[in-house]
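Biologist: I am new to this structure and would like to learn how to read it. Could we go through it feature by feature?

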Amino acid sequence: MKRRTFRAEGAHAGRALVDAVAAELALPVADVRRLVDVGAVYVAGRRARDGAARLQPAQVVTVVLEEAGQSPLEAAKPAAPLRVLFEDEDVIAVDKPAGLNAQPTEGRVGGSLVDLVSEHLGRQAGLVHRLDRETSGVTVFGKTAAATSALAEAFREGTARKRYLAATGPGLPAGGTVDLPLSKDPSRPGRWRATRAANGVPAWTDYRTLFAGDAFCLVELLPRTGRTHQLRAHLTALGNPILGDARYGGAESAGRLMAPRCLLHAQALELGHPRTGRPLRLEALVPDDLRAFFEAAKVRVPEGPIVAADAS
């Protein structure tokens with residue numbers, strides 16, 4: 001990420017935000033207004049909404065100029081059609097495509113799933129949980145404040161049951177449970193490590209290997225907790241990072257098959273309806289890129305109720 005930060009001192013104090021940024025960064029005022037409009041300008045750590053607002057002395061201004069190699073001023077790519085899996089007056093569940101951010105980035109570069117769902121609803125969608133950018137699959141949102149709160153509690157308390165499918169490197173054990181705590185990796189920013197050597201947060205993942213070949217494995221993952229990068233870090237700790245997961249050392253190919261992205265898919269989700277309490281069972285079809293691995297291995301994709309892996 002490329003950004004510039006400066007403090008409102010001297011001539012900048014009391015000046016309109018757009019004028020101060022334009023002068024500090026040597027940018028046209030019109031471009032700065034667009035940066036404010038898309039949400040790429042922050043004052044005192046909060047996203048700026050009014051370019052005409054006067055800066056107070058010593059306020060810190062941050063401008064995101066580039067994120068993931070793209071400027072916030074570049075035209076956004078057309079959004080993928082929203083695939084709705086379930087919707088009623090309280091809940092909407094959608095199938096997130098790989099390559100789409102779950103929520104807006106700091107620089108508001110490109111769209112996000114929250115934006116798409118909010119546009120579909122005509123109001124702000126209630127974000128309950130997040131999938132990584134390259135992960136596809138089931139994502140649920142609340143349509144009311146009460147529903148959002150109840151859904152979030154289900155994830156927080158572990159009553160929301162999830163099933164993921166992934167393609168990994170070869171040699172994965174037949175199944176079991178990984179219970180290694182997670183902590184930020186101080187030597188690799190943006191990465192988490194699964195180890196007992198650090199004071200990490202508890203994390204548990206049940207897994208079952210569906211196919212084990214010479215080039216790759218197909219695995220079913222049933223996380224009991226929902227930590228950041230949990231599945232990616234746990235599989236890496238087993239010595240089998242997810243194929244295409246460059247951040248965690250996943251290979252780009254398996255034999256003649258290429259991994260176009262981190263091959264992780266949130267296939268199924270089961271939880272109670274936030275108002276009625278009735279079971280909600282949601283499932284997203286395996287996308288084409290991951291399905292190619294399953295078909296090449298001639299392995300049947302698991303369907304139906306989520307059943308805990310045998311951890312014995």
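Biologist: How many bridges join E13 to E14, and in which direction do the two strands run?

Modeller: This is a predicted model, so read what follows as computed from it. Seven bridges join E13 to E14, and the two run antiparallel. Thr209 has Val219 in E14 as its bridge partner.

Biologist: How many residues lie between E13 and E14 in their hairpin?

Modeller: Four residues lie between E13 and E14 in that hairpin.

Biologist: Which other strands pair with these two?

Modeller: Take E14 to begin with. Strand E9, residues 161–168, is joined to E14 by five bridges, again antiparallel. Tyr164 stands opposite Leu221 in E14. As for E13, which covers residues 205–212, four bridges link E10 to it, and these strands run antiparallel. Val178 faces Thr205 across that pairing.

Biologist: How do I read the two faces of a strand? Which side chains of E10 point to the buried face, and which to the other?

Modeller: Follow the side chains along the strand and note which way each one points. In E10, residues 175–178, they alternate: Gly176 and Val178 point to one face and are buried.

Biologist: How many residues of E14 are buried?

Modeller: Seven of the seven residues in E14 are buried, so the strand counts as mostly covered by the 20% cut-off. Cys217, Val219, Leu221 and Pro223 point one way, while Leu218, Glu220 and Leu222 point the other way, and all are buried.

Biologist: Glu220 is on that list. Why does Glu220 count as buried?

Modeller: Glu220 counts as buried because its relative accessibility is 3%, and the cut-off for buried is under 20%. Glu220 lies in E14, residues 217–223. Beyond its neighbours within four places in sequence, Glu220 is in contact with Arg163, Tyr164, Leu165, Asp206, Tyr207, Arg208, Leu210 and Pro302.

Biologist: Now a helix. How should I look at one?

Modeller: Residues three or four places apart in an α-helix point the same way, because there are 3.6 residues a turn. Now look at H6, residues 288–297, where the buried residues are Leu290, Phe293, Phe294 and Ala297. Seen down the axis of H6, these fall within an arc of 95°, so they line one face of the helix.

Biologist: Which exposed residues are on the face turned away, and what covers the buried ones?

Modeller: The face of H6 turned away from the buried side carries the exposed residues Asp288 and Glu295. The cover over the buried residues of H6 includes E9, E13, E14, E15, E16 and E17. Just after H6, Lys298 takes a positive phi of about 55°.

Biologist: How does one find empty space inside a model?

Modeller: Rolling a probe the size of a water molecule over the atoms shows where empty space is left. In this structure, a search of the whole finds one cavity of 30 Å³ or more. The volume of the largest cavity is about 50 Å³.

Biologist: Which residues line the largest cavity?

Modeller: The lining consists of His129, Leu131, Val138, Lys162, Tyr164, Ala266, Ala268 and Leu269. E9 and E17 are the elements that give two or more residues to this lining. E17 gives the most, with three residues. By type, the lining of the largest cavity divides into six nonpolar residues, one polar and one charged.

Notes. Residues are numbered from 1 along each chain as its sequence is written. This is a predicted model: local features need pLDDT of at least 70, side-chain atom pairs count only at pLDDT 80 or more; totals for chains, interfaces and linings use all residues. Side-chain values use heavy atoms; hydrogens and water are left out. Buried means under 20% relative accessible area, exposed over 50%, partly exposed in between (1.4 Å probe, protein chains only). Contact means heavy atoms within 4.5 Å. Two strands pair if DSSP finds at least two bridges between them. The arc is that of the directions from the helix axis to the C-beta atoms. On a 1 Å grid over the protein atoms alone, a cavity is a set of points where a 1.4 Å probe fits but cannot get out, and a pocket is an open set with protein on both sides within 12 Å along at least five of seven lines; lining residues have an atom within 4 Å of a point. Grid points are joined across faces, edges and corners, and a volume is the space filled by probe spheres set on the points. Ala, Val, Leu, Ile, Met, Phe, Trp, Tyr, Cys and Pro count as nonpolar, Asp, Glu, Lys and Arg as charged, and the others, Gly among them, as polar.
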